[in-house]
Amino acid sequence: MAIHGGSRSSRMRKPKFAGKGRKRPIRQAAAGQEHSDDQNPIYLSGDPWQAPKVSVIVPVMNERRTLRRVIREAFRIHPHTEVIVVINGSTDGSLDIARRSGAKVLVYDRPLGHDVGRSIGAREAMGDILLFIDADMVIPAAKLRVFVDAVAKGTDVALNDYSGPVDLSVVHGVVLAKHALNTLLGRADLAGASMTAIPHAISRRALSAFGCSALSVPPLAHTMAIRHGLKVERVVPVNVGKLNPVRLKRERKNSLEPLIVGDHLEAIHWWLRHTDFRGGYEDGFRQRGMVR
C-alpha cells in the first residue's frame, strides 16, 4: 500500500513490496549469477535463504542514472548482504531497475525525503549491521566495507570522517551546525562528522537504543547515540561533495541548509530536555538572583 504525504509527523502505512507482495528479497537467479538490466549485469551475493549479516538501505527518488551501479557495489560488501531499496516518488524508471536488481524493494508513490526513507528501510532490515548510502553516489564496495568492518569490531555508529570545508571566509551553516552540536555533546573529537552524511553504519544495538523513527532526523539519532553511551567513531573520509557535483548544483537552487540546521536545533532541544537547561555545562558562581 502506498504512503500518502511526505511529512515526518504523518503516520506511515506499510509499503508495497515489489514482486506481487512477496516480503522476501527478490532473487531471480541463483547466488553468484548475473542479473541483466538494459545495460550491464548486477551480481548478487550470498545465499538468499540465509539471514543477512549486513543490510544496506538505499532511499531512491529518480536515480536511474546511478542506481544500478550503487546496488551492484552494495551487494559486493559482504557475502550475506541484503539491499533494501526504498522507492519514493520515482517516475524515471528507477523502480524497474530496482526490481531487477535482487534487492528488497519498498514502494511509496510520493516523495518521503531521504531521511524518512532510511527510517523505513531500517524498520524492514534483518541484518546485524545496517549501512546507509544514497542512490546518486557510486561508492566502491571496498570503501563501504570499512564502515561495516568498524561496526563488526565493536563500533556502534561508524561515521564518514567528512567535516566539510572549514577553511573558507564564510563557512556553510550546515558545517557550523555539525561542529557546534558535537562540541555541545562533549565530542569535539568528532569535528563535523555526523549521521547527516553518508555513508554511515550502525549496529543493531544502536538501532534498538534510539529506534527507527529517530533516523528521520539524523542529528537527533546521533545525539541519542552519544547520550546512551554508545561507541560513536569517525572511520574514514569519503568526500561526498566531490562525488556528486550534480547535487552541489541542485543545492545552490534549492538549499537544504534550513532543513538540516533545523534538524540540529531539534537535536539540541532533545539534549537539553534530557540533561538540564544548560546542557550539562556549569553556570559558575554567577548569582543570577541578585538582578531579578
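1. Basis of the model. This is a predicted model, in which local features need pLDDT of at least 70 and side-chain atom pairs count only at pLDDT 80 or more, while totals for chains, interfaces and linings use all residues. Residues are numbered from 1 along each chain as its sequence is written, and side-chain values use heavy atoms, with hydrogens and water left out.

2. Overall composition. The chain has ten helices and ten strands, where helices (H or I, at least four residues) and strands (E, at least two) are DSSP runs numbered from the N terminus. Of its 292 residues, 49% count as buried, buried being under 20% relative accessible area, exposed over 50% and partly exposed in between, with a 1.4 Å probe and protein chains only. Among contacts (heavy atoms within 4.5 Å), those in the chain with a separation of 6 or more come to 74% from residues 24 or more positions apart.

3. Strand β4. Seven of the seven residues of β4, which spans residues 54-60, are buried, so this strand is largely enclosed by the rest of the structure. In a regular strand the side chains alternate between the two faces of the sheet. In β4 both faces are covered, with Val54, Val56, Val58 and Val60 buried on one side and Ser55, Ile57 and Pro59 buried on the other.

4. Neighbours of β4. Strands are taken to pair if DSSP finds at least two bridges between them. On this basis β4 runs parallel to β5 (residues 81-88), to which seven bridges join it, and Ser55 stands opposite Glu82 of β5. Between β4 and β5 the chain passes through helix α1 (residues 64-75), and the resulting β-α-β crossover is right-handed, a term meaning that, with the strands pointing away from the viewer, the path from the first strand over the helix to the second runs clockwise. Strand β7 (residues 129-132) is also parallel to β4 and is joined to it by four bridges, with Ile129 as the bridge partner of Val54.

5. Helix α5. The twelve residues of α5 (residues 173-184) reach 16 Å from the first C-alpha to the last, close to the 16 Å expected at 1.5 Å a residue, the expected span being 1.5 Å times one less than the number of residues. Its buried residues are Gly173, Val174, Val175, Ala177, Lys178, Leu181, Asn182 and Leu184, and the buried residues of α5 pack against α7 (218-227) and α10 (257-274). An α-helix has 3.6 residues a turn, so residues three or four places apart point the same way. Just after α5, Gly186 adopts a positive phi of about 75 degrees.

6. Ser203 lies in strand β9 (residues 200-203) and is buried, with a relative accessible area of 8%. Its side chain reaches the backbone nitrogen of Ala206 at 3.0 Å, which falls under the definition of a polar contact: a pair of N or O atoms within 3.5 Å, of which, within protein, one must be able to donate a hydrogen and the other to accept it, residues adjacent in sequence counting only if both atoms are side-chain atoms. Leaving aside neighbours within four places in sequence, Ser203 is in contact with Asp128, Val151, Thr155 and Asp156. Thr155 itself sits in the loop between α4 (141-152) and β8 (157-159) and counts as buried at 8% relative accessibility; with the neighbours within four places again set aside, Thr155 is in contact with Ala150, Ser203, Lys231 and Glu233.

7. Salt bridges. The structure holds twelve salt bridges, each a side-chain nitrogen of Lys or Arg within 4 Å of a carboxyl oxygen of Asp or Glu. One of them joins Glu73 to Arg72, with the closest N and O atoms 3.5 Å apart; Glu73 is buried at a relative accessible area of 10%, and Arg72 is buried at 17%. Another links Asp189 with Arg187 at 2.9 Å between the closest N and O atoms, and here Asp189 counts as partly exposed at 42% relative accessibility, whereas Arg187 counts as buried at 16%.

8. Arg288 forms a salt bridge with Asp283, the closest N and O atoms being 2.7 Å apart, and both ends are partly exposed, Arg288 at 33% relative accessibility and Asp283 with a relative accessible area of 22%. Through salt bridges that share partners, Arg278, Asp283, Arg286 and Arg288 are joined into one network.
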